[in-house]
Amino acid sequence: MPAPRLLTEQVAPTDSTLAAVARDLRLTDQPPCKLCAPRGRPMRVLGGRRSSGGAGWRAPSALVLALLVGAVSWSTLAWAGDAPAPPPAPPLERLFAPLREDLATLPPFLRDSSLTTHVRTYYFNQTKPDDTQFEALAAGGHISYQSGWLLDTFAMGASLYGSAPLYAPDDKDGTLLLKPGQKGYYVPGEAWGALRYQDYALLKGYRQLVDQTYINPQDNRMTPNTFEALTLGGKVGWVQYLAGFLWNIKTRNSDEFVAMSSAAGVKGHHDGVGLAGVRLTPVKDLKIDVSNQYGVNMFNTIYADADYLLPLNP
């Protein structure tokens with residue numbers, strides 16, 4: 001009668017580790033089994049069959065080997081599989097993805113263009129000591145376009161601002177969210193062209209934002225102050241500068257540009273304001289601002305402040 005074939009020969013090892021495990025399981029001396037062997041007669045396992053006579057049975061070593069082979073095969077399939085797909089992009093990004101791909105081949109003046117929408121709602125309710133009440137709820141904001149740089153030298157931009165009443169009692173006017181009379185408005189608040197030379201000089205003309213220490217957007221209602229002006233600014237090392245002349249202003253809740261002198265309360269004159277200022281950052285966390293604003297036939301204002309940020313944690 002031919003010798004029984006080893007069970008381990010039925011499974012081809014997949015690597016050296018499984019081959020070593022198979023060799024260890026070919027012939028194993030097992031301790032006496034009190035459940036299945038006659039009393040006092042230990043068993044020897046050969047190829048998974050009992051050598052003490054009787055019906056053959058499969059040794060636990062066969063099950064262990066099968067589990068090892070299955071685990072390695074499952075791990076191999078898991079590693080070979082593709083990585084999980086990335087989450088889908090937001091709907092708006094997917095909507096404009098083809099346009100972005102088309103723009104990628106265009107010159108920077110068009111490729112780097114941006115269109116920004118800023119939505120704002122504002123509820124204002126105030127009662128003064130004399131019991132005068134101001135109240136309104138408005139919605140609005142702005143839509144802005146800015147081109148890229150043509151030959152790294154020329155760019156242009158524009159912004160449309162607006163505010164509309166959602167709740168505006170006629171007898172509670174004065175919130176500055178809307179025009180006088182609780183009326184809505186819209187206005188092309190920015191429309192400018194600019195020339196630059198690296199970071200050293202930026203010349204910008206016509207309707208624009210000016211953000212200096214004394215003259216600034218004052219953007220604490222629905223739309224900011226914007227100006228008709230010619231400005232020159234830039235940065236050289238730790239010195240940032242701005243100089244210019246402003247002839248008209250659109251105040252926060254207006255759709256008209258008026259002379260700077262008229263906005264300052266000087267009637268019958270159409271004069272502007274010249275300004276010059278510097279911001280110094282000679283060391284980390286220190287900022288020094290110094291500026292002068294000269295209103296023709298109106299005023300002369302010098303403004304200065306200094307900020308130093310001191311970390312509380314060492």
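## Legends to the close-up views

**View 1. F154 is partly exposed, at 28% relative accessibility.** Buried means under 20% relative accessible area, exposed means over 50%, and partly exposed lies in between, for a 1.4 Å probe and protein chains only. This is a predicted model: local features need pLDDT of at least 70, side-chain atom pairs count only at pLDDT 80 or more, and totals for chains, interfaces and linings use all residues. Residues are numbered from 1 along each chain as its sequence is written, and side-chain values use heavy atoms, with hydrogens and water left out.

**View 2. F109 and F154 in the aromatic search.** The whole structure holds two aromatic pairs. F109 and F154 make a stacked one, with 6.4 Å between centres and 20 degrees between planes. It joins distant parts of the chain: F109 sits in helix α4 (residues 108–111) and F154 in strand β6 (residues 154–167), 45 residues apart. Helices (H or I, at least four residues) and strands (E, at least two) are DSSP runs, numbered from the N terminus. F109 is buried because its relative accessibility is 17%.

**View 3. Y197 and Y200 form a tilted aromatic pair.** Rings of Phe, Tyr and Trp (its six-membered ring) pair if their centres lie within 6.5 Å; planes under 30 degrees apart count as stacked, over 60 as edge-to-face and the rest as tilted. Y197 is exposed, at 54% relative accessible area. Y200 has 41% relative accessibility, so it counts as partly exposed. V236 belongs to strand β9 and is partly exposed, at 46% relative accessibility.

**View 4. Charged side chains lie over the faces of W149 and W192.** R196 is 4.0 Å from the ring centre of W149. K204 is 4.4 Å from the ring centre of W192. The criterion takes NZ of Lys or CZ of Arg within 6 Å of the ring centre and within 35 degrees of the ring normal.

**View 5. T231 is buried in the model.** Its relative accessibility is 6%. T231 is placed in strand β9 (residues 226–236). Its side chain makes a polar contact of 2.9 Å with the side chain of Q208. Such a contact is a pair of N or O atoms within 3.5 Å; within protein, one must be able to donate a hydrogen and the other to accept it, and residues adjacent in sequence count only if both atoms are side-chain atoms. Leaving out residues up to four places away in sequence, T231 touches L202, L203, K204, Q208, V210, L242, A243 and G244. Contact means heavy atoms within 4.5 Å.

**View 6. Helix α3 bends at A97.** The bend is about 45 degrees, and a proline, P98, follows within four residues. It is the angle between axes fitted to the seven residues ending there and the seven starting there. The 13 residues of α3 (residues 91–103) should span 18 Å, and the end C-alpha atoms are 19 Å apart, which agrees. The expected span is 1.5 Å times one less than the number of residues.

**View 7. Q182 and N297 have positive phi values.** Phi is near 60 degrees at Q182, a residue other than glycine. Q182 lies in the loop between β6 and β7 (185–197) and is buried, at 6% relative accessibility. Phi of N297, also a residue other than glycine, is near 60 degrees. N297 lies in the loop between β13 (286–295) and β14 (299–308). N297 is exposed, with a relative accessible area of 59%.
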